[in-house]
Amino acid sequence: GLAQIAQQWLDAKDNQTIRQEVLEILRRSQIARRIIHGVRIVIAGPPNSGKSTLLNRLAGHEQALVSDIPGTTRDWVTALGRIEPLRIEWIDTAGLDERLAAANLFDRTAQRRTQKQLADCDLILYVIDGTKTLADRPSWFSPDIPVVTILNKSDLPDFQRREDKADQVSISAKVGSGIEVLGKAILQTLEIQTFDPVWPVAFTARQHDLLQKIAAAADLSVVKSLARQLFIND
């Protein structure tokens, strides 16, 4: 499919149409890579919001230590799982607290490790205690990484009911309610459900690099020269 559309570019008269098509192929290629290679999903949020309980629920067995004491998780904990068709590495992190980032060495190190995990993932599940007032998302979150906000502890009587949206769902990690809705929100946010396998995508690093160069090129002759290289097998 990629070679077929590259053949059309050789006859194109303007650069702008090609650039738009290339950017769309790069976007779809990212979705294809998620399906082929799996994704890393980081579970983050304030201390004692139920992150470790959620990890255990998603993993299907007890993987993380659960406690009512804030700050129990000071390192990250991982587990593997699936939401068809995705293979997922779940990553539970230390509770986000900017005050702890300036505290003792152990807490400061834990916060830095959490920040590193947040910068290297496909999706962030931002877990909040739904019995408390919503707070703004931390400034540590990258604008390039999608986020699903999870209002946890919906089984408690003082849970503040809010309307579920594509990027915000209510659950109880403890009793398991809302987990199916969360799974659908994850697939929707990562654009898995709308992916069509007949779309042309870049499968190799060389193809991806050529497409990025085509998108950045201003000269149509350069674009066509780069397009011809897409016919070369890796």
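Reader: What is the phi of Gly-60, the residue that follows α3?

Author: This is a predicted model, in which local features need pLDDT of at least 70, side-chain atom pairs count only at pLDDT 80 or more, and totals for chains, interfaces and linings use all residues. Residues are numbered from 1 along each chain as its sequence is written, and side-chain values use heavy atoms, with hydrogens and water left out. Helices (H or I, at least four residues) and strands (E, at least two) are DSSP runs, numbered from the N terminus. After α3 comes Gly-60, and its phi is positive, near 85°.

Reader: How many of the residues of helix α3 are buried?

Author: A residue is buried under 20% relative accessible area, exposed over 50% and partly exposed in between (1.4 Å probe, protein chains only). The buried residues of α3 include Leu-54, Leu-55 and Leu-58. Their cover includes β1, β2, β3, β4, β5 and α5. Helix α3, residues 51-59, is mostly covered, the buried residues numbering 7 of its 9.

Reader: Is Pro-138 buried or exposed?

Author: Pro-138 lies in the loop between β4 and β5. Leaving aside residues up to four places away in sequence, Pro-138 touches Leu-96 and Tyr-126 (contact means heavy atoms within 4.5 Å). Its relative accessibility is 16%, and therefore Pro-138 counts as buried.

Reader: What distance separates the C-alpha atoms of Pro-138 and Gly-45?

Author: Along the chain, Pro-138 and Gly-45 are 93 residues apart. In the model, the separation of their C-alpha atoms is 8.9 Å.

Reader: At what angle do helix α1 and helix α2 pack?

Author: Axes are lines fitted to C-alpha atoms, for helices over the stretch in contact, and angles run from 0 to 180 degrees between N-to-C directions. The axes of α1 (residues 2-9) and α2 (residues 15-37) are 11 Å apart, and the angle is about 165°.

Reader: How many of the residues in the contact of α1 with α2 are nonpolar?

Author: The contact is made by Leu-2, Ile-5 and Trp-9 of α1 together with Ile-18, Glu-21, Val-22 and Ile-25 of α2. Ala, Val, Leu, Ile, Met, Phe, Trp, Tyr, Cys and Pro count as nonpolar, Asp, Glu, Lys and Arg as charged, and the others, Gly among them, as polar. With 1 charged residue and no polar ones, the nonpolar residues number 6.

Reader: How far apart are the end C-alpha atoms of α2?

Author: The expected span of a helix is 1.5 Å times one less than its number of residues. The 23 residues of α2 should therefore span 33 Å, which agrees with the model, where its end C-alpha atoms are separated by 32 Å.
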